[in-house]
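Good morning, and thank you for making the time. I would like to take you through one protein model, and I ask that you keep the sequence and the structure in view as I speak.

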Amino acid sequence: EFEDHGRVFGLLKLLDYVPGTSDVVTGQVAIFIGPWFAVTVRHGNAGDLAPVRARIEGSPNLRAHGPYGVLYAVIDSAVDAYVAVMDELGDDIDEIETKVFSETQSSMSPQVIYNLKRENQEVRRAVTPLVVPAHMFVNHDVEDLPAGLRQYFRDIGEHILRVADAVDSSDNLLLTLLMASTALQDLQQNKDMRKISAWVAIAAVPTAIAPGAAAQPRPRI
């Protein structure tokens with residue numbers, strides 16, 4: 001979310017991906033800039049801003065744009081993390097898709113798919129509030145942006161919109177995989193029940209024959 005009233009206030013969610021568990025860790029950063037200052041406040045463990053500061057210190061171009069250079073660096077770092085997290089989730093989804101339709105599908109629990117769907121929603125909650133500003137960045141509708149940074153903010157906007165599209169596509173695919181996994185497990189359970197019923201029927205045949213055999217007279221010599 002962004003507000004511009006002579007000064008600029010921005011509020012962004014920060015994301016980190018946890019390998020092994022496929023969890024998406026969230027945080028938050030607020031940035032407030034004026035003609036001669038830039039203040040950031042970060043909450044949570046996600047999105048360490050130390051690399052952002054190092055980037056600004058090492059870039060004469062960003063420093064030349066003052067507070068707007070800081071604003072760009074903070075937003076760009078957050079959005080780069082969105083892209084990285086979606087790439088990781090995309091790899092996880094591809095792996096799950098392979099498992100769902102493999103011969104060992106029975107080992108794939110729908111809970112795994114649901115958990116990944118929930119992590120995808122974390123990205124959605126981070127990106128959705130930025131879609132409107134992203135369109136403004138792409139269309140150069142933010143008049144106060146320095147001319148030297150407009151193309152850079154356009155690039156940020158394009159990345160945000162790309163992540164938003166990826167979130168929607170991933171959500172639809174995960175829903176499909178969840179339904180397919182559940183259906184395949186139901187089918188497997190039905191097959192198992194038919195096998196069990198067949199074995200029960202086979203086992204019951206001698207029991208049905210035995211009384212009749214015992215009733216016949218014994219032959220005499």
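Let me begin with a definition: a residue is called buried under 20% relative accessible area, exposed over 50%, and partly exposed in between, using a 1.4 Å probe and protein chains only. This is a predicted model, in which local features need pLDDT of at least 70 and side-chain atom pairs count only at pLDDT 80 or more, while totals for chains, interfaces and linings use all residues. Residues are numbered from 1 along each chain as its sequence is written, and side-chain values use heavy atoms, with hydrogens and water left out.

I turn to the overall architecture. The protein has 6 helices and 4 strands, where helices (H or I, at least four residues) and strands (E, at least two) are DSSP runs numbered from the N terminus. Along the sequence, their order is β-β-β-β-α-α-α-α-α-α. Of the 221 residues, 36% are buried. The protein exposes about 13,300 Å², of which carbon and sulfur atoms supply 57%; accessible areas come from the Shrake-Rupley method with a 1.4 Å probe, and for residues only the protein chains shown count as cover. Contact here means heavy atoms within 4.5 Å. Among contacts between residues at least 6 apart in sequence, 63% join residues at least 24 apart.

Next, the interior. In soluble globular proteins, nonpolar side chains tend to be buried together. A nonpolar core is a set of buried Ala, Val, Leu, Ile, Met, Phe, Trp, Tyr and Cys residues joined through side-chain atoms within 4.5 Å. Which residues of the largest nonpolar core touch the most other members? They are Leu71, Tyr82, Leu89, Val123, Phe153 and Ile156, in a core of 52 residues. At least two residues each come from β2, β3 (23–33), α1 (50–57), α3 (66–100), α4, α5 (131–138) and α6. Helix α3 makes the largest contribution to this core, with 16 residues. Ile156 is in contact with Tyr72, Ile75, Asp76, Val79 and Phe137, leaving aside neighbours within four places in sequence.

Aromatic residues deserve a separate word. Rings of Phe, Tyr and Trp (its six-membered ring) pair if their centres lie within 6.5 Å; planes under 30 degrees apart count as stacked, over 60 as edge-to-face and the rest as tilted. The structure holds 5 such pairs. One of them joins Phe32 and Phe37 in a tilted arrangement, at 5.5 Å centre to centre and 55° between the planes. Phe37 is buried, at 17% relative accessible area, whereas Phe32 is partly exposed at 34%. Elsewhere, Tyr72, Phe137, Tyr152 and Phe153 form one aromatic cluster.

Phe32 also belongs to a nonpolar surface patch with Phe9, Val39 and Val41, with about 300 Å² of accessible area together. Patches are made of residues with over 30% relative accessible area and no salt bridge, like charges being joined within 9 Å and nonpolar side chains (Val, Leu, Ile, Met, Phe, Trp, Tyr) within 5 Å. Phe9 lies in strand β2 (residues 8–18) and is partly exposed, at 34% relative accessibility.

I come now to the charged pairs. A salt bridge is a side-chain nitrogen of Lys or Arg within 4 Å of a carboxyl oxygen of Asp or Glu, and the count by this rule is 9. Lys117, Arg124, Asp168 and Asp171 are linked in a network of salt bridges.

Other salt bridges lie within a helix. Arg53 and Glu57 meet at 3.1 Å, N to O; they are separated by about one helical turn because they are 4 residues apart in helix α1. Arg53 is exposed, at 60% relative accessibility.

Glu119, in helix α4 (residues 110–127), is buried at 7% relative accessibility. Ser170, in helix α6, is buried at 11% and touches Met86, Ile93 and Asn120, not counting residues up to four places away in sequence.
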